[in-house]
Amino acid sequence: MKIYVTRKIPQSGIDKLVAKGHEVDVSQKDGVLTREELLAALKQKPYDAVLCLLTDKIDKEVFEAVPTAKIFANYAVGFDNINLNDAKEKGVMITNTPGVLTETVAEHAFALILSITRRIAEADKFTKAGNFHGWGPMMLLGNDVSRKTLGIIGLGRIGSRVAYHAVKGFDMKIFYYDVKRDENFEKEYGVDSTGSPRAQFASVEDVLKNSDFVSIHVPLLPETKHLISAEKLKMMKPSAYLVNTSRGSIIDEVALVEALKNKIIKGAALDVFENEPALAPGLAELENIIITPHIASATEETRSKMSEIAAANIIAVLDGQAPPNPVLQK
């Protein structure tokens, strides 16, 4: 059968599709296809499946461009780039690649926490510019991470793993918010030397008020867009740091720029942005922020596994079986 892949991905997944005897066409453009390019590409052949990326906006018009497609396999955990109502109307299966990037994204989130707190990016720039002329007791002072309080907003797979690194590696205390309380999570970490619980369930507001670091791990939904607003930023400690590896629109970036400029919070570290790849005006000029280009899952191991999972979803559907990772089935 015929499969279209909207951008070059690690070869391991492509090899799985080819090994099954399928014909695979991969976009040769080194970048995201424009709307017009995507529609034109899908009309070239009667494709039976499409392997798409989170940068592809998939809706009714796209489904109509390739009416023969049984499945759109999203190369991502999130699927806010796909209109599920349109997919349901057209009878198209939607899958994603969950689980595989939990460790990798959690590692990146913690790398951002350490980097912004210890001013790693600033220090690197400072040293490479030839400004280091010898050790000084007041030079590039940062903050400790150990035994501080980490706020987790969204205690899914990734949020839970970030909490694990925080407690086990840095003896931190956890305040967390999720749609429901996880008492097993709380029991896992018990109490500290003072008898206080190491992990506490709290409202978003209380997480923000009590945490030295806040790490965001919620999906982008209508109710989570701009969850971190100007009002919410003012609830945080002036010494606190904000980290986001989920979706950019969770944070009101305009409000964040103002909060960083006016020292409402001490710093931030972002891997995702509201209008990727564009940054909010003024964001790139700030010294108290670290910015990485949506690379939280960018390891050779994880991206290859994502490729293989997306391929496995396609193979199952084309074989007439249920996909391993359905978001929407017929």
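Mentor: A cavity is a set of points on a 1 Å grid over the protein atoms alone where a 1.4 Å probe fits but cannot get out, while a pocket is an open set with protein on both sides within 12 Å along at least five of seven lines; lining residues have an atom within 4 Å of a point. Grid points are joined across faces, edges and corners, and volume is the space filled by probe spheres set on them. The model is predicted, with pLDDT of at least 70 needed for local features and 80 or more for side-chain atom pairs, though totals for chains, interfaces and linings use all residues. Numbering starts from 1 along each chain as its sequence is written, and side-chain values use heavy atoms, without hydrogens or water.

There is one cavity of 30 Å³ or more, and the largest cavity has a volume of about 30 Å³. Its lining includes Thr6, Arg7, Leu33 and Asp56.

The second largest pocket has a volume of about 200 Å³. Its lining residues include Ile116, Arg119, Glu122, Asn143, Tyr241, Lys263 and Glu287. By class, that lining holds three nonpolar, three polar and five charged residues, where Ala, Val, Leu, Ile, Met, Phe, Trp, Tyr, Cys and Pro count as nonpolar, Asp, Glu, Lys and Arg as charged, and the others, Gly among them, as polar.

Tyr241 leads from the pocket to strand 10, residues 241-244. Strands (E, at least two residues) and helices (H or I, at least four) are DSSP runs numbered from the N terminus. Strand 10 is covered on both faces, with Tyr241 and Val243 buried on one side and Leu242 and Asn244 buried on the other; buried means under 20% relative accessible area (1.4 Å probe, protein chains only). Strands pair if DSSP finds at least two bridges between them. Strand 10 runs parallel to strand 9, joined by four bridges, and Phe213 stands opposite Tyr241. Strand 10 also pairs in the parallel sense with strand 11 over four bridges, where Gly267 is opposite Tyr241.

Ser211 sits in the loop between helix 9 (204-210) and strand 9 (213-216). Ser211 counts as buried because its relative accessibility is 0%. A polar atom of its side chain lies 2.7 Å from the backbone oxygen of Val207, and one lies 3.3 Å from the backbone nitrogen of Gly151. Leaving out residues up to four places away in sequence, Ser211 touches Thr149, Leu150, Gly151, Phe175, Lys237 and Ala240; contact means heavy atoms within 4.5 Å.

Note on methods
Buried means under 20% relative accessible area, exposed over 50%, partly exposed in between (1.4 Å probe, protein chains only). A polar contact is a pair of N or O atoms within 3.5 Å; within protein, one must be able to donate a hydrogen and the other to accept it, and residues adjacent in sequence count only if both atoms are side-chain atoms.
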